[in-house]
Every structure is written in structure tokens, then in C-alpha cells.
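The structure comes next, followed by the points by topic.

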Amino acid sequence: MLVLPDDRTFLDEIRSALQIEKFIRFDATNTVTQFESIKEAKKVEMRERNGAAKLFLSESLKNAEIYVNGDKIQSGAKEIASKINEALGKLVSTVYHKLSYIDTAMSESDIHTLFKNNGQQLTLVGTNITKNELALYDVNDYIALNTQRHMKTSMKSILERFLKAPYGFVEADVQWLVAKLFKNGEIAMFVNNDAVTLLSKTSEEIIRYLTRKEFNEKLMTEKRVKANEKQKKSVRTVMKELFNVTSASDDDDAIMRSFLGYASSLAEIALVSLTSKITNLITTLDFVQTEPVSDIVKETSYRVYFISDSNEKISNENIVIADKKDKDTTKRMFRLRFNFKNKKYDKSQKYYLVAYDDKNDIEVLRHEIIMDIAFADDFGFFT
């Protein structure tokens with residue numbers, strides 16, 4: 001609010017100029033003999049009055065008092081333009097009092113850089129302070145609060161909240177904040193209810209989800225439950241036993257990515273028999289070790305058996321040691337015999353042939369089958 005001094009001289013000049021303008025516009029050709037000469041004189045007077053009004057108004061503005069939210073602004077600036085700009089700045093800082101949480105402006109190129117840095121902490125030069133740290137806290141807290149209420153938070157909701165007061169962030173800043181929290185493992189993201197991870201999606205796909213308006217309502221976030229130290233230690237122990245390596249990273253995704261990378265080097269097995277139905281209590285199936293053991297592909301062992309949809313074991317368990325080094329595929333084939341529980345099986349239910357890595361208990365094979373076996377009370381469970 002601008003409060004001018006009590007001097008109203010500029011108003012008198014404006015009023016006189018308006019009266020002259022009204023006279024000039026009045027058509028008095030037939031009533032005043034020398035109207036044109038008077039009209040020209042009045043135009044000159046009107047210009048003088050307007051000039052005087054501007055001068056007096058300028059002087060009044062110099063001595064005007066400026067208020068923001070009822071508080072008088074004490075400014076050392078002499079120019080009125082500087083005073084008004086200073087007042088507007090204070091008004092913005094009052095309404096958008098959390099705008100300062102963005103200490104470093106971001107763009108889409110910064111998001112690309114974020115995903116190329118392999119999780120390195122982005123800090124201000126010469127300090128250990130994370131850029132836009134306060135803004136990151138508030139976005140993280142907002143998503144966490146919704147997660148506690150069993151709600152996912154859309155990118156649209158995040159933008160709507162942080163673009164308006166008291167934040168006033170720009171869209172690119174909000175997109176970077178969400179990307180940073182995701183990269184740090186603080187939040188999980190979903191598109192059409194499918195989990196978005198660094199293992200399942202490329203960096204370019206993730207950036208597209210974050211920055212394109214078409215995904216604002218589709219991209220959902222929630223607070224991520226991080227693996228605890230006991231769980232991380234278990235994975236490291238398995239890696240040490242299986243691959244004789246230890247993950248140096250403490251990041252959940254990095255540990256899992258490392259584990260999967262080494263796990264893919266284990267000798268795998270696959271079902272060869274094209275079986276969709278079991279009709280006998282005793283059945284044999286053919287398998288193959290997909291690759292020969294080498295310096296890259298390591299030997300391992302598997303437990304192979306049948307289960308019901310409720311995870312009840314319905315057959316004996318075969319132990320397979322995948323250690324064949326033959327390059328000839330036929331020499332890496334083998335046959336397993338399965339004895340089934342003599343019980344009533346429901347043809348409408350699902351049953352599975354499964355294989356688990358014997359050392360880390362990870363499922364590596366699941367094949368759905370139909371059990372079509374006649375029930376006989378005279379036999380028990382073969383082992």
C-alpha cells in the first residue's frame with residue numbers, strides 16, 4: 001500500500017487538465033467565433049498541466065510511505081522505483097516465505113546429471129551441505145505423511161503443493177527434488193501401478209516420467225521402506241559365500257544390482273520336457289544346464305520339486321548340481337524322477353514345478369502344470 005503526503009497539488013493539476021480536455025472535445029464551432037485559436041491555446045495549457053501533475057506526483061511519491069502487510073517499509077533508497085521494488089521483494093518473501101528453500105535453481109539438464117552421477121551427493125562447493133536441502137526435507141515429509149495415511153502421492157499433487165504459496169517453486173525445481181529423493185532411495189515411484197526402479201527402467205525412461213506432463217497423474221510416489229542393516233548383511237554374506245565378493249556400497253539398489261550381476265553368472269537349468277499335465281504318481285522330466293561351467297559361469301546347486309498353489313510340497317525333492325563343463329548341449333541334459341503324494345488333486349487348481357538355488361533359497365524356475373492323477377488309498381508318499 002502506498003500512502004502519499006497530504007499535498008494534493010498534483011490532483012489539482014490533473015483536475016484542471018481533464019477540464020481543459022473536456023472543453024477541447026466540446027464542439028462549439030457555431031457558438032464561439034474564435035474557437036480554434038482558443039482550442040489550440042487550451043491544448044498548450046493542458047500539456048503544461050499534465051507535465052506539472054507528473055512533476056508534483058513524482059515529488060509526492062518520493063515522500064510517500066509504503067506498507068507491506070500493515071508494516072511500514074523503512075527504505076534507504078531515494079528513487080521511488082527502487083522503493084517499490086524493495087517493497088515488492090518483501091511482499092514476495094512474506095507470501096512465499098519458503099521460496100528461499102531453493103538455494104540453487106535446477107533444470108532438466110540437472111536431472112540428467114543426477115542420474116549420471118551414480119548416486120554421488122550433490123553439495124555446495126567447499127561444504128558438505130546438500131543443495132536445496134530444506135526443500136528436499138519438505139517434499140520428503142509430504143510424501144511420507146501421505147504414505148502413513150496409506151495414500152500414494154501423484155506428481156500432480158506434489159507440483160500443485162509446491163508451486164503455490166508458501167513455496168513458489170518452479171516446475172523444474174520440483175521435478176529435480178522428486179528425482180533426487182528417488183535417486184537417494186528415500187521414495188519409491190510407480191507408473192500405472194508398476195514399480196519404477198533403476199533395475200527395471202533406464203535413466204531416460206525415469207527422466208521422462210518425471211518431466212513430461214502426460215505422466216503427472218500417472219506417476220505415483222510413496223515413502224520407501226529401506227532395507228535394514230541385518231538384511232543388507234545377509235545379502236553381503238550370500239555374495240561372499242557364492243561369489244567370493246563383498247559389496248562396498250550401502251545403497252539398497254546398488255547392493256541388489258551387484259548381487260543380480262553376479263547371480264547372472266551362475267550356471268542355470270531349464271525344463272526341456274514340454275509338460276503341461278501330470279497323469280502318474282511317478283513322472284520323469286528332462287532338464288538342461290543352459291551353459292557350461294567356465295571362468296565366467298560358476299557352478300551351483302538347485303532343489304527341484306512340485307508344489308500346490310498354497311505352497312504345499314506334493315513331490316519328493318531332487319538336488320541338481322549344475323557343474324557340467326561340456327560345450328555340447330546334449331551332454332548337459334539330465335533326467336529327474338518325481339514321486340507324488342497319493343492324494344486327491346483338483347484339476348481347476350494351479351500346481352507348479354519349482355527350482356530354488358540351494359545356497360540362497362532364490363526361486364529360479366516356476367512352471368505351471370495340471371495334476372490329473374487318479375486317487376488311490378493304498379499308496380503313501382514316495383521319498
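The largest nonpolar core holds 34 residues, and F169 and L210 have the most contacts inside it. A nonpolar core here is a set of buried Ala, Val, Leu, Ile, Met, Phe, Trp, Tyr and Cys residues joined through side-chain atoms within 4.5 Å. The model is predicted: local features need pLDDT of at least 70, side-chain atom pairs count only at pLDDT 80 or more, and totals for chains, interfaces and linings use all residues. Residues are numbered from 1 along each chain as its sequence is written, and side-chain values use heavy atoms, with hydrogens and water left out.

- Beyond its neighbours within four places in sequence, F169 is in contact (heavy atoms within 4.5 Å) with K98, L99, Y101, I102, A135, F162, L163, V174 and L177.
- A second, separate core has 26 residues, among them F338, F340, I369 and I373.
- In soluble globular proteins, nonpolar side chains tend to be buried together.

**Helices α5 and α6**

- The two helices, α5 and α6, pack at about 130°, and their axes are 11 Å apart; axes are lines fitted to C-alpha atoms, for helices over the stretch in contact, and angles run from 0 to 180 degrees between N-to-C directions.
- α5 and α6 are therefore oblique to each other, a class left over once angles under 35 degrees (roughly parallel), over 145 (roughly antiparallel) and 65 to 115 (roughly perpendicular) are taken out.
- On α5 the contact is made by D138, V139, Y142 and I143, and on α6 by S157, I158, R161 and F162.

**N140**

- N140 lies in helix α5 and is buried, with a relative accessible area of 12%.
- Buried means under 20% relative accessible area, exposed over 50%, and partly exposed in between (1.4 Å probe, protein chains only).
- Leaving aside neighbours within four places in sequence, N140 is in contact with L181, E186, I187 and K223.

**The β8-β10-β13 sheet**

- An open sheet of 3 strands runs in the order β8-β10-β13, with antiparallel pairing; two strands pair if DSSP finds at least two bridges between them.
- β8 (269-271) and β13 (333-339) are the edge strands, each pairing on one side only.
- β8 and β10 (residues 282-289) pair over 3 bridges, and Q289 in β10 is the bridge partner of I269.

Methods. Helices (H or I, at least four residues) and strands (E, at least two) are DSSP runs, numbered from the N terminus.
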